[in-house]
Amino acid sequence: MKKKDLSRRKFIATVSAGSVAAAVSGSATATAFGNISIVNNNTGKLAILGGTPVAPEKVWPSWPYVDEKVVEEIVKTTRSGIWCRIQSANGTVTRFEKEFAKLMGTNYSVCTGSGTQSLNTAVEALGIGPGDEIITSPYTDPGTIQSILVSRALPVMADLDPDSFQVDPEDMERKITSRTKALMPVHIMGQPCNMQRIMEIAKKHNLKVIEDSCQAHLAEYQGKKLGTIGDVGCFSFQTTKVLACGEGGGIISTSDELMDKCYTVQNHGTAKDGRTKTIGSKYRMNEFEGAVLLGQLPGLKERHDTRNRNAKYLTEKLKGCPGLVPQKLYEGTTAGSYYLYTWSYKKEHFNNAPREKFLKAIAAEGISLSPYIANGLHREPWTDHIITLPEYKLMFGDARLKKFKKELYLPKCDQVCQDMVMLWASGPLLGTYADMDDVINAIMKVYDNRDKLNSI
């Protein structure tokens, strides 16, 4: 079967031998992954054009995750009167730091008030500051570059691998200058960057590696947890993340010396011995955030495994649809965090319909897919702002700042911004196979009716 000729009816036939009978009866059909529910009207008229939706009033597992254990930890903390980590050596933050380190395979972790704060703490602890450069990805949350800017270093943008949506190590290497002190790969969507190549480049040029693992809790690459491959790894516990407490951040490293420095920086420059030794903001996590995180730990691995299982199911069942190509995973990726589950939208396989029309049609079927980052950070006004600042002019000079602006031509990142489609995954990927079937059936229904999309 030619992929470009795949229809909804042919797709159903490839799912299982009994799918035709299931389509008639409305029953569930056994597959290698379990039961797939075939919806009777999937091959009919698009819902946006008056047909019946595949999944009307779709309800996904709620997020953020809350159970009685989480509530119990919050109540216990409230009643204790210990609301700040410095009040007790055995408070919720300290206990969570120990558990998180154990989970990640390190000796220590340090928690902060946000992922951005964790990244900035790492930058400061590594001694990176005014006049230095860090190479990173433009396809990320602004917190990535702000963690560099607040230390008055220069965030240098490298382009992407458009198939993986990750920063391209080869372009990273091309952007290295005598001022470069570190590489900051971003494990976007919770999937690993090409860390083997990045670490080779870092070793060759004697650079530090700060892993922005803010979306990548428990993800694994070549047998190692993300965050433990570079010099330091930073995480976010913001409310949408797969381990969440509203706001919050965490830092891990295999270097105990570096972790001591991170603790000092985030504790307004005051070390564990009580002496104020360096420059640092007060980035401490509070005890309520620690309580929420502790309450989520018992089922964290089970939820992680469920997301990976459902992601595998989606990838397998949709591999015959040429119009949606899943995010490429680098060799050695054994588990993802699946903060987001993403595809590249190939409009040439959808009758050249713009992505927006495809998304409207899918939404009418009851499945909410969306773009992610509208513009790479290379297209945001901060790039013009910093070159007007006296301190950046003084530190870098006109010639370097002009080169910085010139190098912001990043067409592959622009392509990703235009083509990417996502299913937000923290909650939805905790669903059942029947929930995944709804996604599959909606996508294939729209694909089968792709000749109607431009009339929407």
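The protein chain averages a pLDDT of 92, and 91% of the residues score at least 70. The exception I would like you to keep in mind is residues 1–42, where pLDDT stays under 50, although the model has 86 contacts beyond four places in sequence for that stretch. Where pLDDT is low, the predicted coordinates should not be read in detail.

Now to the charged side chains. A search of the whole structure finds 27 salt bridges, and I will take three of them in turn. In one of these, the side chains of Lys-204 and Glu-173 meet at 3.1 Å, N to O. Lys-204 belongs to helix 8 (residues 195–205) and Glu-173 to helix 7 (residues 169–174), so this pair ties together parts that are 31 residues apart in sequence. With a relative accessible area of 61%, Lys-204 is exposed, whereas Glu-173, at 17%, is buried. Both residues also take part in a network of salt bridges that links Glu-170, Glu-173, Arg-197, Glu-200 and Lys-204.

The next pair is Arg-379 and Asp-414, whose side chains meet in a salt bridge of 2.9 Å, N to O. Arg-379 sits in the loop between helix 12 (355–364) and helix 13 (382–386), while Asp-414 is in helix 15 (residues 411–419), so here the parts tied together are 35 residues apart in sequence. Arg-379 counts as exposed at 53% relative accessibility, and Asp-414 is buried, with a relative accessible area of 13%.

The remaining pair, Asp-305 and Lys-301, forms a salt bridge of 3.0 Å, N to O, and both residues lie in helix 11, four residues apart, about one turn of the helix. An α-helix has 3.6 residues a turn, so residues three or four places apart point the same way. Asp-305 is partly exposed, with a relative accessible area of 30%, and Lys-301 is partly exposed as well, at 45%.

What does helix 11 look like as a whole, and how far does it reach from its first C-alpha to its last? Helix 11 covers residues 300–317, which is 18 residues, and reaches 26 Å, close to the 26 Å expected at 1.5 Å a residue. Its buried residues include Arg-303, His-304, Arg-307, Asn-308 and Lys-317, along with Leu-300, Ala-311 and Leu-314.

Turning to the threonine, is Thr-144 buried or exposed? Thr-144, which is in helix 6 (residues 142–149), counts as buried because its relative accessibility is 2%, and the cut-off for buried is under 20%. Not counting residues up to four places away in sequence, Thr-144 touches Leu-119, Thr-136, Met-184, Val-186 and Asp-212.

I will finish with the backbone and the surface. A cis peptide bond, with omega about 5°, joins Trp-63 and Pro-64, and Pro-64 lies in the loop between strand 2 and helix 3. Tyr-338, in the loop between strand 15 (333–335) and strand 16 (340–345), has a positive phi of about 55° although it is not a glycine, and it counts as buried at 10% relative accessibility.

Notes: Residues numbered from 1 in each chain as written. Predicted model: local features only at pLDDT ≥ 70, side-chain atom pairs only at ≥ 80, totals over all residues. Heavy atoms only, no water. Helix = DSSP H or I, 4+ residues; strand = E, 2+ residues; numbered from the N terminus. Expected span 1.5 Å × (residues − 1). Buried < 20%, exposed > 50% of the residue type's maximum accessible area, 1.4 Å probe, protein only. pLDDT = per-residue confidence, 0-100. Contact = heavy atoms within 4.5 Å. Salt bridge = Lys/Arg side-chain N within 4 Å of Asp/Glu carboxyl O.
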